[in-house]
Amino acid sequence: MSDATSNQVLTTQDGKPLKAALARALRREKMRSLLLIAPLLIFVLITFVAPIFDMLFRSVENQIVSETIPRTVVALEEWDAETGEAPGEDVYNALLFDFIIAVENKRHTQLGTRLNYEQTGLSSMFRRTGRRVDDFGETYADQFIDLNEAWKEPVTWVTVMASPSWIEAQKAWASNPTGPEPAFELSPAALDVLPATSDLYGAFAQFVQVEENDSPTEEDPWTPIYKALYQDLSANPNAATAFSGEAATLVGQAAAAVPAFETVSVKELFIDADEDWGSAENWAVIKTFAPTYTSGYFLSAADAQLTPTGVEMKPDDEQIYLFLFYRTLLLSIIITISCLLLGYPIAFLLAALPLRYSNLLLILVLLPFWTSLLVRTSAWKVLLQQQGVINDVLVWTGLISDAGRLVMINNQTGTIIAMTHILLPFMILPLYSVMKTISPSYVRAAKSLGANDWTAFWRVYFPQSIPGIGAGAILVFILAIGYYITPELVGGTSGIFISNRIAFHISSSLNWGLAAALGTLLLVAVLLLFVAYDRIVGIDNVKLG
Amino acid sequence: MKLKTAILAGTALAFASTAAVAEDMTVVSWGGAYQASQKNAYADPYMEANPDINIIWDESSNEAVAKLRAMNEAGNVTWDLVDVVASDAMRLCDEGLAMEIDHDEVLAAAPDGTSASDDFGDLIVSDCFIPQIVYSTTFGYRSDVEAWGGKEPDDICDVFDLEAFPGKRSLEKRPINNMEWALLCDGVAKEDVYDVLETDEGIDRAFAKLDSIKDSVVWWSAGAETPQLLADGEVVIGSTYNGRLFALIEEQKQPVKMLWDAQVFDLDGWIIPTGLPDDRLAMVKDFVKFATDTQRLADQAKYISYGPARKSSAPLVGQHADLGIDMAPHMPTDPENAKNTFLYNYEWWADYRDDLDAKFQAWLAQ
C-alpha cells in the first residue's frame with residue numbers, strides 16, 4: 001500500500017496534481033497580499049527609494065565635462081599629460097568652438113565650478129575666459145568682412161550654409177509666420193567641404209532658434225565661426241566647386257584670399273586671456289575628468305584623489321573625511337552606551353512600578369521627546385557653557401575656582417551629553433516594552449531556588465531583556481550616526497560628525513557629488529555594521545515590543 | 001429661503017473676493033531684523049501703492065543657492081526674487097540660476113539723473129547682482145573685562161593678543177575673513193594678502209597665526225551666536241555682522257563696543273531667478289525698480305545699520321525709526337568707522353574656497 005502511494009501522484013478531485021493546485025492557491029494568496037501592500041510599496045519606491053538612488057547616483061556622474069566641451073575632449077585624446085607641455089594648437093581650436101557654444105548657453109561657469117573641485121583656480125579661468133572668447137575670432141571676421149562686406153550679413157551666411165530646401169521653407173514661413181520657424185538645416189555641400197564651419201554654424205543656428213527665439217537670417221554669427229571658415233578654406237582651397245550660384249562666388253573669392261590672411265594663434269589668445277591655459281597641469285585635470293563617470297568623488301570622500309598617474313592620497317593638511325567617519329562611529333558608540341547605561345534602570349523602574357506611577361514616569365520620559373530639538377539643544381548651551389548654570393553652581397559651592405570653570409560645550413563632551421539626552425527615549429521605550437513582557441514569576445522562582453538578588457537579575461532577568469537592548473541600541477546608534485544639527489550647535493570643532501560635512505556640501509559648497517559619495521559611504525558603513533550585528537547578536541533577537 | 005439667500009450671497013462674496021485677490025510675489029530674504037527693515041522700507045509701501053500685488057516672504061536666503069539649484073533641476077522655480085550675499089549671487093550667476101540684467105534698464109536712475117550703474121558703481125560685482133546694502137563683518141568686545149586693566153582693543157591684531165587681552169574669542173567657522181585677518185596681523189600688507197594666501201607658505205602662515213589663539217576660540221556658524229556669546233560673557237571679543245552688534249549695543253544696551261578696525265565689507269542684494277514667465281518677470285522688475293531707488297535704500301537705513309549701496313542714498317540717511325538716534329555714525333561706511341577697511345575679494349574666493357575650506361576643516365579637526 002505504501003509503495004503504491006509513493007509512486008502515485010496525489011491528485012485533487014478534478015484530477016489535477018495536488019502539488020500544483022496547492023501552489024496555485026498559495027500563489028493567488030501571495031498575489032492578493034502583495035496587492036494589499038502595493039499602495040505602500042509603490043509610495044515608498046516613488047517617494048523614498050527612487051530619490052535616494054537618484055541622489056546617490058550623483059556620486060559617480062560626470063557628464064558635464066564631455067557634454068560641455070565635447071570637441072576638446074576628443075582632441076585631448078591624442079595629448080599625453082606625461083610630456084608636461086600644454087597641448088597643441090588643434091586642442092585650443094576645438095576648445096574655442098566648444099567654449100563659444102558653452103558661453104552662449106552660459107554653461108562654461110558650471111564646468112569651471114565642477115573642475116575647481118579638483119584643481120583650484122579653474123573656476124576663475126573659465127569665467128574670465130568666457131568674457132573674452134567672443135573676440136577670439138575677430139581677426140578672421142575683420143579680414144573676411146574687409147574682403148567682402150557681404151560676410152557681415154546674416155543672410156550671406158544662410159545662403160552659404162543652409163540647405164536650399166530650408167531657405168525655401170523659411171521664406172514661406174516668413175511671409176506668413178505662424179508657429180515657430182522651421183528648424184535649421186545645413187546644406188549638404190557645406191557639410192561636405194566646410195566641416196568645422198558646418199559644425200559650429202549648426203550649433204549657432206540651433207542656439208538662435210531654440211534659446212533666443214530668433215532667426216539665423218537676422219543674427220550676426222559668432223566670430224569664431226569666421227575662424228572655422230578660415231580653417232576649412234585653408235584645408236580645402238577648392239571648396240567653391242561644391243557650391244552653386246551666389247554661394248559659389250562668395251566661397252570662391254574667400255578661398256582665393258585666405259592664404260594671404262593674417263593668422264593668430266588661438267593658443268596664445270587663450271593664454272593671453274588667462275595664463276593658466278598654458279599649464280599642462282590644468283589640462284591634465286581636464287583630461288583626467290573627461291570620462292562620463294568618475295570615481296573622483298568617492299576618492300575625495302576617502303581623502304584620496306585622482307591624478308593623471310593614478311590614485312594617491314591627498315596631502316596631510318587636506319585629509320579630513322576618514323577621520324570624521326572614524327569619529328562619527330566612535331561618538332555614536334559612546335552615545336549608544338551612555339543611553340543604555342542611563343536608560344536601562346529607568347526602563348526597569350518603569351516596568352516594575354505600579355501602573356499609576358509608571359504612567360507618570362513615562363510622561364516624564366516622553367515630555368522632552370515632544371519638545372523641539374532646537375529648544376533642547378539650546379537649553380544644553382545655557383546649562384553647560386562656561387558662564388552657564390552648572391559652572392555657576394559649581395563656583396558658588398566652591399568646588400571649582402572662577403578661573404577653572406569647566407569646558408563642557410563646543411567640544412565632544414557637549415555633543416555626547418546633548419545627544420545622549422535627545423536620544424534617550426529611543427532607548428527607554430523599546431527596553432520598557434520588552435521588560436513589560438518579562439514575567440516577575442521567573443525572578444521569584446529563581447530566588448525561591450536560592451539565587452541572591454544579583455544572580456536572579458543577571459542570570460534570569462537580564463537575558464530576557466536583551467532583545468530590548470538590541471532594538472534600543474540599533475535605533476539609537478543609527479539615529480546618532482546621521483545627526484547633524486546638535487553636533488553643529490554644541491560640537492564646536494572636536495564634536496562634529498561626518499553628516500555636518502555632508503550638509504555643508506549640500507547647502508554651502510554645492511558639491512553634491514561629494515556629498516552623495518560621503519552619504520553612500522555612510523550608508524554602506526551602517527549596512528555593514530548591521531550585517532555584523534546580525535552575525536554576532538542575531539537580528540531575530542531584536543524586539544520592539 | 002432667507003438662509004439659502006444668505007448662503008448664496010456669502011458664496012458669491014467669497015468668490016468675488018478670490019477673484020479680486022492680489023497677485024502673489026514670493027520674495028526670499030534672511031528673516032529677522034534685516035527682513036523687517038526691507039518690509040518697512042519698501043515692501044509695505046509698495047503693497048500699499050499696488051494693492052493688486054501681495055508679497056509673500058520666504059526666509060530661506062541662508063540656503064538659497066542649494067534650494068534654487070534643486071528647484072531648477074525639478075523645473076519648478078517658485079521664487080520671484082531672492083536676497084543673497086554677493087558671493088552667492090556670483091555663484092548663482094555662474095550656475096546659470098540667476099538672470100543677467102541690464103542695470104540701467106531695470107533699475108531707477110538717481111534723482112540727479114546719474115545712471116544706476118554709475119550710482120551703484122563698483123558694487124555691481126556680477127551681471128546678475130542688484131546691490132542693496134553694504135554690511136561688514138567686524139568685531140565687538142565687552143567693555144567691562146577686568147583682566148584687561150582698563151585697556152580696550154582698538155586694533156585688529158588685539159584679537160590675536162592673548163596676553164594684553166585674555167579671554168575667549170568667537171570667530172566664524174570658515175576660512176573667509178579669518179585667514180585675511182591672520183595674515184594682516186602676521187605683518188602682511190593689505191594689498192598683498194591674497195597674493196600671499198595663494199601660496200602654501202602663506203596658508204601655513206595664516207594657520208600658524210590662528211593656531212596662537214585656537215584654544216581660546218569658540219567657532220560660530222550662525223550670525224546670532226556672537227551677540228549671544230558676548231551678552232552671556234562666554235567670549236570677550238567676537239566677529240559678526242555689524243548690524244547684529246548694533247542691535248546688541250543700542251537696542252539691548254549690553255556693555256559691548258565696536259572694533260571697526262579692518263572690518264571686511266561685503267554686499268547683499270537681489271537676484272532674479274532665471275526662467276520666470278514674462279508676467280511674473282514684469283512684476284518683479286517693477287518691484288525691484290521701486291525697492292532699490294535712492295529714497296527706498298536710504299529709508300532702509302532707518303531700521304538697520306547697514307549702508308545703502310547707492311552713492312546718492314548716503315546723504316538721505318536719517319535717524320533710527322524707533323530709537324531716534326542718528327544712523328550715520330553706525331554705518332560701516334561712515335568715515336570715522338571706515339578708517340581701515342578690508343575689501344573681500346570675490347573672484348579670489350570663488351577659486352580658492354573649496355581648496356581652503358578643506359584645509360581649514362582639516363586644521364580645525366587637528
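1. How many Å separate the centres of domain 1 of chain B and domain 2 of chain B? In this predicted model, the two centres, taken over C-alpha atoms, are 28 Å apart. The domain assignment of chain B places residues 22-128 and 272-330 in domain 1, and residues 136-266 and 339-365 in domain 2.

2. The contact between these two domains of chain B draws 13 residues from domain 1 and 9 residues from domain 2. On the domain 1 side, the elements giving two or more residues are α2 (32-49) and α4 (86-94) of chain B. The largest share of that side comes from α4(B), with 3 residues. By class, the domain 1 side holds 10 nonpolar and 3 polar residues, and no charged residues.

3. The buried residues include the charged residues D88(B), R91(B) and D94(B), along with A86(B), M90(B), L92(B) and C93(B). Within chain B, the buried residues of α4(B) pack against α3, β3 (81-85), β8 (256-271) and α14. They also pack against α6 (108-116) and α7 (122-132) of chain A. Just after this helix, G96(B) adopts a positive phi of about 75 degrees.

4. As to the fold of chain B overall, the chain contains 14 helices and 10 strands. Its radius of gyration is 23 Å, close to the 21 Å that the globule rule gives for 366 residues, so chain B is as compact as a globular protein of that length. Along its principal axes, the C-alpha trace spans about 85 × 45 × 40 Å. Buried residues account for 46% of the 366 residues of chain B. Among contacts in chain B between residues at least 6 apart in sequence, 72% join residues at least 24 apart.

5. For chain A, the domain assignment gives domain 1 (2-50), domain 2 (136-260) and domain 3 (321-541). The C-alpha centres of domain 1 and domain 2 of chain A lie 68 Å apart.

6. An unreviewed UniProt entry annotates residues 325-533 of chain A as "domain: ABC transmembrane type-1". In the model this span is 79% helix and 0% strand, with its end C-alpha atoms 19 Å apart. The unreviewed entry also carries the annotation "transmembrane region" for residues 34-53, 329-353, 360-379, 416-434, 466-485 and 512-533 of chain A.

7. Residues 329-353 of chain A are 96% helix and 0% strand, and the end C-alpha atoms are 36 Å apart. Residues 512-533 of chain A are 100% helix and 0% strand, with 31 Å between the end C-alpha atoms.

Terms used: Residues numbered from 1 in each chain as written. Chains lettered and ligands numbered in written order. Predicted model: local features only at pLDDT ≥ 70, side-chain atom pairs only at ≥ 80, totals over all residues. Helix = DSSP H or I, 4+ residues; strand = E, 2+ residues; numbered from the N terminus. Rg over C-alpha atoms; globule rule 2.2 N^0.38 Å. Buried ≥ 20, exposed ≤ 12 C-beta atoms within 10 Å, placed from the backbone. Contact = placed C-beta atoms within 7 Å. Domains from an automatic or database assignment. UniProt positions renumbered as here; feature names shortened; annotations may be inferred.
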